[in-house]
Amino acid sequence: MTTGRKKTTTTRKTKKAAASSTGRANGRSSTARRTSAASRSTVVPGADVVIVESPAKARTLSRILGNRYNVLASIGHVRDLPKSKMAIDVENDFAPDYIVPRDKSAVVKEIKAATNAAGTVYLATDPDREGEAISWHLMEAAGIPEDRMRRVVFHEVTENAVRRAFDEPRGIDVDLVNAYQARRVLDRLVGYRLSPVLWSKVRKGLSAGRVQSAALRLVVEREAEIDAFVPQEYWEIDADLLTQATQAEEFSARYRSELGASRQATIPNEETTNRILTDLRASSYQVASVRRRETTRRPGPPFITSTLQQEAFRKLRFTARRTMTVAQQLYEGLPIGNEGPIGLITYMRTDSTNMANEAVQEARAVIGNRYGKDHVPASPRSFSRRVKGAQEAHEAIRPTSFMRDPESLRNSLNREQFNLYQLIWQRALASQMADAKFDQTTVDITASGAPSGVSHTLRVTGSIMTFAGYLAVYREGIDEPDIDSDEGRVLPDLREGQPVDLRNVAGTQRFTQPPPRFTEATLIRALEERGIGRPSTYAAILSTIQDRGYVDKADNRFRPLKLGTAVSGLLSEYFPQVSSLDFTSRIEEELDDVARGEREWVPVLRDFYGPFNERIDTAQEKIERVSNIDEETDEVCPECDANMVIKRGRYGPFLSCSRFPECRGMKRIQKGTGANCPECGGELVQRSSRKSRRPFYGCSNYPNCNFLTNQEPLPQPCPDCGGLVVATSRTDAACNDKECGWQGSREELTAEQPQPEPQLVEV
Ligand SMILES: [Zn+2]
Ligand SMILES: [Zn+2]
Ligand SMILES: [Zn+2]
């Protein structure tokens, strides 16, 4: 009953919006650019039509379905909220007023023409809320009649999955669409109401989003923890010991405690260290105990979106955004040999670790063939995880066929695609392999006989892998290096009661470390642990807080800028709805409920908007103007020698004296590029001319060297010739030497070479 009512209200409201918006769009269609894939397809009259969101997916699907179907691409959403106004009718149940944007009217017109001539129209957009919404917008905007429309859902673009989906079509899932709409409307309300507050209190042109503000808060709070951190001194004592044999073996043991103490002692200062060292230097040593035990290690589950993003950062230095772009290429299909475009992985936006039974069976067969029967566990592994939004993506990210091993694709994929595919293939395969086994040894050594009468204990541990199991394929990356790891440390064969000789003993002063700044990997994990963000949003959250100038990265770690700290402080004081971590995660859960059909979407909006809106009004009165948001620099003022700060003027950022207005010293920002001049080896710097505001790049040795370029020089050398590389667009780069001719993506240049897997010896 509930779902029925919901369905009718949604349809009625949006029909109205659709009618007005298509009218508007049609009036403009003659001027719209014809860039759609739809315009290039040859439409067989009367054939069934299939619509997807991207040309690459359309090509793969077209190969699978053959001539009976015309496969068209909508190129993303065909309707959205207009940019020029809020377009939410708050008084009327938050009804959104969608329009067909100018650049989409041509594609809508063509889809309309194709569907009018067609038998059945299949909407085959991606299997999640966003995909459902794209289908729904298509249906509304192109006026596809409900009785001729079929929604088909598959998680991989493969023969079997597509056939199965076409055998079991359904209607539009209104719950998924409403969950999508609720998020879109919430974010729109926050953006439109909050931005003016930031403009009047902080700086013109700022904006703040809901989920991004929670992420910003994490970065700002971590920085505050680091600033407040007081390092504690402590000492470590290490002894080099020798076995008493003709071929003496040396090993190192760490001081643990006085004899008989049950736990590791903390050595607070040099005085204590020296007292212990005096004892140790005058002691004789004996092996007190040797404990051996076998430990096992289980493989992790196959990737979900968040773990893929984390691991691709650790191992390939991909940003979350890069990971999603490349994963989408693998999912939508790439030309492989003579086979045509093939979908290589399952859908990349998912939070389920489940793997289809057929895939598990195939993995077990591949493991047995490649690594031997002993690497196949007795029964398949299953990984349980709370699955959110049960109607959405059901499967982990895995290869569509384990038979397609990475090596066989090396010539068909570019380097980034290959590296990411290999990571996904290895991780999914490893998840079905046997445990790794280790022999772990713990040896305690007693030092006794010192004149003080105090005896001490030292300890050494070693760990040797005895069976590789899944580690033969895959080893998870680490965020912070563990220098004290005992893995692979081989100990001499020690027996209880055996005397050993002291060769050397020394103390080292250490200090406790503050928590580290977040990397892309650790920030995504922190967001996930707190229930903030979803598979479809992590990558966008991370880029947004950087694009807005709230945080930047130093050594690949997030660090808040003054502006970000100021905005975050203001939001957490006045707008808990926007910056509170608990609040944000609760709304994410409510949206999950909406997607499952367990909650109405309008009340979610109402509960949020009421209190939020009240605060906007009081905030405008109460909040004082925030100052001191200018980033400090090491540049020195030409007038008074004070430090300079970065200010934003009408023509972009410039350096101003920090003592402004007392001192009016100013400087142009001369931005170093980190690249060297190909003619004289000097540094290339950004300059701007008076006439045009477009920057250009010149040599720091000007006027002695006249090298000039309009394209931004990049600090990385050309992978082919080692020469200068320039940016040709926001994402692409090319060698400055036309004869070399290298071209590629900018991310590819900055990505570090993948770390080789540590080689393990099997004993
Ligand atoms: Zn000055
Ligand atoms: Zn030069
Ligand atoms: Zn080159």
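Phe 94 counts as buried in this predicted model, because its relative accessibility is 3%, under the 20% limit for that class. Phe 94 sits in the loop between E3 and E4 and has a positive phi of about 60 degrees although it is not a glycine.

**Loop between E3 and E4**

- Asp 93 also lies in the loop between strand E3 (88–89) and strand E4 (95–96).
- The phi of Asp 93 is near 55 degrees, again a positive value in a residue other than glycine.
- Most residues other than glycine have a negative phi.
- Is Asp 93 buried or partly exposed? Asp 93 counts as partly exposed, because its relative accessibility is 31%, which falls between the limits of 20% and 50%.

**Cis peptide bond**

- Phe 660 and Pro 661 are joined by a cis peptide bond, with omega at about 10 degrees.
- Most peptide bonds are trans.
- Pro 661 belongs to the loop between strand E19 (652–657) and strand E20 (666–667).

**Zinc site**

- Which residues coordinate the zinc ion (ligand 3)? The donors are the SG atoms of Cys 718, Cys 721, Cys 735 and Cys 740, at 2.2 to 2.3 Å.
- The arrangement around the zinc ion (ligand 3) is tetrahedral because the four donor atoms subtend angles of 104 to 114 degrees, and the class requires all angles to lie between 85 and 135 degrees.
- Along the sequence, the donor residues of the zinc ion (ligand 3) follow the spacing C-x2-C-x13-C-x4-C.
- Cys 718 is buried because its relative accessibility is 4%.
- Cys 735 is likewise buried, with a relative accessible area of 5%.
- Cys 721 has 41% relative accessibility and therefore counts as partly exposed.

**Other cysteine points**

- How many disulfides does a search of the whole structure find? The search of the whole structure returns zero disulfides.
- A disulfide is a covalent bond between the sulfur atoms of two cysteines.
- Cys 677 has a relative accessible area of 5%, so this residue is buried.

**Second largest pocket**

- The second largest pocket holds about 1500 Å³ of space.
- Its lining comprises 38 residues, of which Thr 319, Gln 546, Arg 730, Arg 746 and Glu 747 are the closest to the centre of the pocket.
- Which element supplies the largest share of the lining of the second largest pocket? That share, five residues, comes from H14.
- Elements that each supply at least two residues of this lining include helix H10 (320–332), helix H14 (538–547) and helix H19 (746–750).
- Among the strands that each supply at least two residues are strand E15 (551–554), strand E21 (672–676) and strand E25 (713–714).
- By class, the lining of the second largest pocket has 13 charged, 13 polar and 12 nonpolar residues.

**Helix H2**

- Ser 62 is part of helix H2 (residues 55–65).
- Ser 62 counts as partly exposed because its relative accessibility is 32%.
- Between Ser 62 and Leu 72 the C-alpha to C-alpha distance is 9.1 Å, and the two are 10 residues apart in sequence.

Methods. Residues numbered from 1 in each chain as written. Chains lettered and ligands numbered in written order. Predicted model: local features only at pLDDT ≥ 70, side-chain atom pairs only at ≥ 80, totals over all residues. Heavy atoms only, no water. Helix = DSSP H or I, 4+ residues; strand = E, 2+ residues; numbered from the N terminus. Buried < 20%, exposed > 50% of the residue type's maximum accessible area, 1.4 Å probe, protein only. Donors = N, O, S within 2.8 Å, 3.2 Å for Na, K, Ca; no water. Tetrahedral: all angles 85-135°; square planar, octahedral: opposite > 155°, others 65-115°. 1 Å grid on protein atoms, 1.4 Å probe; cavity = no way out; pocket = protein on both sides within 12 Å on 5 of 7 lines; lining within 4 Å. Points joined across faces, edges and corners; volume = space filled by probe spheres on them. Nonpolar A, V, L, I, M, F, W, Y, C, P; charged D, E, K, R; others polar. Disulfide = S-S within 2.5 Å.
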